[in-house]
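Please keep the structure open beside the text.

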Amino acid sequence: MKLATWNVNSLKVRLPQVLDWLAVHPVDALCLQETKLVDEKFPVAEIEAAGYRAVFSGQPTYNGVAILWRADRGWQAQDLVIGNPHFPDEQKRLIAATLGGVRLISAYVPNGQAVGSDKYEYKLRWLDALSVWLAEELAARPRIVVAGDYNIAPEDRDVHDPVAWAGQVLCSEPERGRFQALLALGFADAYRLFEQPEKTFSWWDYRQLGFQKNRGLRIDHLLVSRPLAGGVTACSIDRAPRKLPQPSDHAPVVAELSV
DNA sequence: ATGGCAGGTACGACCTGA
């Protein structure tokens, strides 16, 4: 099973790139974040015409998540859950469905804006509630992949300039602590199961030639539960879409599981 | 030190992102 996650920063703008990418990388399932589309405007017909099916949860302007999967697999999306049952939230940041025997969760973790801000406190509470829910999910269905934009660079090696970013939002100890708490539930960071090149990131600022200078962060992750982790055969970040005209500021992260 | 780019809303700036 090939899986990917991609924060597309507006599916309306990025749909052609997503469909082009799927044509070249026909993954079994693709988790999307920041679709920024209300459900009525989700491009179901275009996605079905490309041979995929989708479940989604969106709102105007902000957030929005989706899971796409190959129609020819014959899977039904089972046990669809939108949002965290332990965290009532107007913001559409979580969607879960079981596909081909794997519980797949597309997550858009809050950005947090600045350490100490209200949005930062919301981010920490959101992550705490995610841990509570995932602990339950693991007990009920041990084969889980949580794929998404975590808005956390887990370690200094995930940061282009760790000194400049030290203590800043996306890199602060409380955020990294929450990420470690997720791993401690029984997940592996699929990307770190393999030797990887140095300075590999999944997001680059649009400004100041961030991508060209590789001034980025690795904040998009696939967390794979322990029963699946031994079967992960590859994980990589595909920088190619970030080079296209009018790109998302995030690149897709891809993993292959032997299930 | 500040803002720099991009998308959405809506049509003039402002909010959010990371």
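Helix α3 (residues 118–140) packs with helix α5 (residues 173–184) at an angle of about 5°, their axes lying 10 Å apart, and that makes α3 roughly parallel to α5 (angles under 35 degrees count as roughly parallel). Axes here are lines fitted to C-alpha atoms, for helices over the stretch in contact, and angles run from 0 to 180 degrees between N-to-C directions. L124, L127, S131 and L134 of α3 meet P174, R178, A181 and L182 of α5, where contact requires C-beta atoms, placed from the backbone, within 7 Å.

This is a predicted model, in which local features need pLDDT of at least 70 and side-chain atom pairs count only at pLDDT 80 or more, whereas totals for chains, interfaces and linings use all residues. Residues are numbered from 1 along each chain as its sequence is written, while chains are lettered from A and ligands numbered from 1 in the order in which they are written.

Turning to the sheet, 6 strands form an open arrangement in the order β5-β6-β7-β8-β12-β9, with mixed pairing. Because β5 (78–82) and β9 (187–189) stand at the edges with a single partner strand each, one side of each is left without a neighbour in the sheet. Helices (H or I, at least four residues) and strands (E, at least two) are DSSP runs, numbered from the N terminus, and two strands pair if DSSP finds at least two bridges between them. Within this sheet, β6 (residues 94–99) and β7 (residues 102–108) pair in the antiparallel sense over 6 bridges, and A96 stands opposite I105 in β7.

Finally, 24 residues surround DNA strand B, the closest being S10, K12, N111, Y206 and R207; a residue is near a strand if its C-beta atom, placed from the backbone, lies within 6 Å of it.

Definitions and conventions
Parallel < 35°, antiparallel > 145°, perpendicular 65-115°, else oblique. Contact = placed C-beta atoms within 7 Å.
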